[in-house]
Amino acid sequence: LFLSAVNNVGLTEKFDYYIFEKNCKWISSDKENRSKYVYTINFSRHTLCDEDLADNIINIIEKYNHPSERLIAILQEVQALVGYISEESVKCITEITGIASSKILGVASFYAGFRLKPIGKYRIMVCMGTACHVNGGERVADTLRRTLGIEAGDITEDGLFSWEEVACLGCCSISPAMMIN
């Protein structure tokens, strides 16, 4: 990252510069809200991530005044864009916001709604809740393992299928249960 302390910097292009207060807290990308002395990050020198990905992530981050306080929302949008929270996405968010990659991965790995690996076009979830486990959920999982030739959490070579075991699908009365997409 190219950091420099400057006086009265204006934005030259929409995503070229983001303005930070002297203490590096996010304030705005808006000229009217800048302070007299600011730090700028020049995004024309991406070092860790692809230009297109960086531009998309900058578009996402631009929506939030305090990215570190809105990390979950940012990660949700990145996952919708990329399909999962990729290593490159984490590096890019870190480079752009200064949020430590350990914090980003900590949040992404804590919440079940985030994926750290890509999923197939068809996502299969096999219930392993008590009722499904007792009524044959493991047999369903074994059948998927044999038929698709992959373990839970993996993706087929053609990218069509991935499957995972989940705690409960809420279909206990018709167990064992599995859900596709």
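This is a predicted model: local features need pLDDT of at least 70, side-chain atom pairs count only at pLDDT 80 or more; totals for chains, interfaces and linings use all residues.
Residues are numbered from 1 along each chain as its sequence is written. Local features need pLDDT of at least 70 and side-chain atom pairs pLDDT 80 or more, while totals for chains, interfaces and linings use all residues; side-chain values use heavy atoms, without hydrogens and water.

**Exercise 1.** State how many helices and strands the chain has, and give their order.

Solution. Start with the terms: helices are DSSP runs of H or I with at least four residues, and strands are runs of E with at least two, numbered from the N terminus. The count is six helices and seven strands. Read from the N terminus, the order is β-β-β-β-α-α-α-α-β-α-α-β-β.

**Exercise 2.** Find the share of residues that count as buried.

Solution. Buried means under 20% relative accessible area (1.4 Å probe, protein chains only). The chain has 181 residues, and 35% of them are buried.

**Exercise 3.** Describe the contacts in the chain between residues at least 6 apart in sequence.

Solution. A contact means heavy atoms within 4.5 Å. Take the contacts between residues at least 6 apart in sequence. Of these, 61% join residues at least 24 apart.

**One more step: the surface.** What is the accessible surface of the chain, and what percentage belongs to carbon and sulfur atoms?

Solution. The areas come from the Shrake-Rupley method with a 1.4 Å probe; for residues, only the protein chains shown count as cover. The accessible surface comes to about 10,400 Å². Carbon and sulfur atoms hold 51% of that surface.

Note on methods. Buried means under 20% relative accessible area, exposed over 50%, partly exposed in between (1.4 Å probe, protein chains only).
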